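Morning, everyone. I have one structure to walk you through today. Please have a look at it first.

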Amino acid sequence: MTYRLYWTRHSGALGPHILLEEAGLPYEIVPVDFRAGENKRPEYLAISPMGYLPALQAEDGEVVYETAAIMLHLAEKHRLEEHAPGLDDPHRGAFLKHLFFLCASIQYCFHIYYNPQRYSGQGNSEEAAKSQAGELIFERWKHIDDSLQQDGPYLLGNRYSLLDIYTLMMATWFNPLDRLLTSYLAFNRCYELTANRPAVRKIMQQHELI
Ligand SMILES: N[C@@H](CCC(=O)N[C@@H](CS)C(=O)NCC(=O)O)C(=O)O
């Protein structure tokens, strides 16, 4: 079974890409250049109706989109308990809390940051929407850093998981990344530990991030 990962460099494809690599699952990359509008072509909309990247397709044709859903789906389907605590695992509640916080409270701000024209509305400037989204992300990152200070070095304490991949992925979208790394030191440690894992380094190189 070979997965197809609909992919573009330095996007939400980074997280699923790292997870596929770390888990040693067979996959192929299908490049879709959203910067060139390829994600709005009918062929791609048939796979991901909002035109969002990434999307994951299994050999039987099943498609999963939404970054967090793809990662959770892969982890559960392939029993990657290291990456996603199972139903009876004492870390399950903390895992879900962090995962939903990352995608529902932070990732959507990145969507505004990178697409301010969709959110600014009449009479409001795109620049204001973008700047407000960037500051919200920065403020909310404190919650990640606080959690890591209380119980680090990873989001589940001593246990590395897909949450750390997800956090690293979103951090690479922050401009400038150094502002997060120098303001939030517990996060800085988690980022370094995660970024130095061989599979993570390999995929970050492929996304031209290092
Ligand atoms: N909630 C979606 C957001 C996906 C998203 O915004 N992807 C960006 C790339 S990182 C994209 O496809 N942008 C093109 C567009 O919005 O038209 C997810 O988590 O997958």
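I'll go from the overall fold to the domains, the core, the ligand and a few backbone details.

Bear in mind that this is a predicted model.

Let's start with the fold. The protein has 9 helices and 4 strands. Read from the N terminus, the order is β-α-β-α-β-β-α-α-α-α-α-α-α. The C-alpha trace spans about 45 × 45 × 30 Å along its principal axes. How does the radius of gyration agree with that of a compact globule? A compact globule of 210 residues would come out near 17 Å, and the protein has 17 Å, so the two agree. Of those 210 residues, 31% count as buried. Now take the contacts with a separation of 6 or more. Residues 24 or more positions apart account for 61% of them.

Next, the domains. There are two in the assignment: domain 1 covers 3-77 and domain 2 covers 92-197. Their centres, taken over C-alpha atoms, are 21 Å apart. Where they touch, 9 residues of domain 1 are in contact with 7 residues of domain 2. Which helices supply the domain 1 side? Helix 1 (14-23) and helix 3 (67-77) each give at least two residues to it. By class, that side has 6 nonpolar residues, 3 polar ones and no charged ones.

On to the core. The largest nonpolar core holds 46 residues. The members that touch the most others are Leu5, Leu19, Met71, Leu162, Ile165, Tyr166 and Phe187. Helix 6, residues 162-173, gives the largest share of this core, with 8 residues. Where does the core sit relative to the domains? Both domain 1 and domain 2 give residues to it, so it lies between them. Take Phe187 from that list. Beyond its neighbours within four places in sequence, Phe187 is in contact with Trp141, Ile144, Asp145, Leu148 and Leu180.

Back to helix 1. Is it enclosed or open? Here, 8 of its 10 residues are buried, so helix 1 is largely enclosed by the rest of the structure. Among the buried ones are Leu14, Pro16, His17, Leu19 and Glu22. What do the buried residues of helix 1 pack against? The partners are strand 1 (3-7), strand 2 (27-31), strand 3 (55-57), helix 3, helix 6 and helix 9 (198-206). After the helix comes Gly24, with a positive phi near 70 degrees.

Now the ligand. The residues around it include Ser11, Phe34, Tyr52, Glu66, Gln107 and His111. The shell divides into 3 nonpolar, 8 polar and 1 charged.

Last, the backbone. A cis peptide bond joins Leu53 and Pro54, with omega about 5 degrees. Leu53 is also one of the residues around the ligand. Pro54 sits in the loop between helix 2 (42-45) and strand 3. Asn175 and Pro176 are joined by a cis peptide bond too, with omega about 0 degrees. Pro176 is in the loop between helix 6 and helix 7 (177-183).

Then look at phi. His10 has a positive value near 50 degrees, and it is not a glycine. His10 lies in the loop between strand 1 and helix 1. With 14 C-beta neighbours inside 10 Å, His10 counts as partly exposed. Arg79 also has a positive phi, about 50 degrees. Arg79 is in the loop between helix 3 and helix 4 (92-114). Is Arg79 buried or exposed? It is exposed, with 11 other C-beta atoms within 10 Å.

That's the tour.

Key. Residues numbered from 1 in each chain as written. Predicted model: local features only at pLDDT ≥ 70, side-chain atom pairs only at ≥ 80, totals over all residues. Rg over C-alpha atoms; globule rule 2.2 N^0.38 Å. Buried ≥ 20, exposed ≤ 12 C-beta atoms within 10 Å, placed from the backbone. Contact = placed C-beta atoms within 7 Å. Core = buried A, V, L, I, M, F, W, Y, C linked by C-beta atoms within 7 Å. Domains from an automatic or database assignment. Nonpolar A, V, L, I, M, F, W, Y, C, P; charged D, E, K, R; others polar. Near = placed C-beta within 6 Å.
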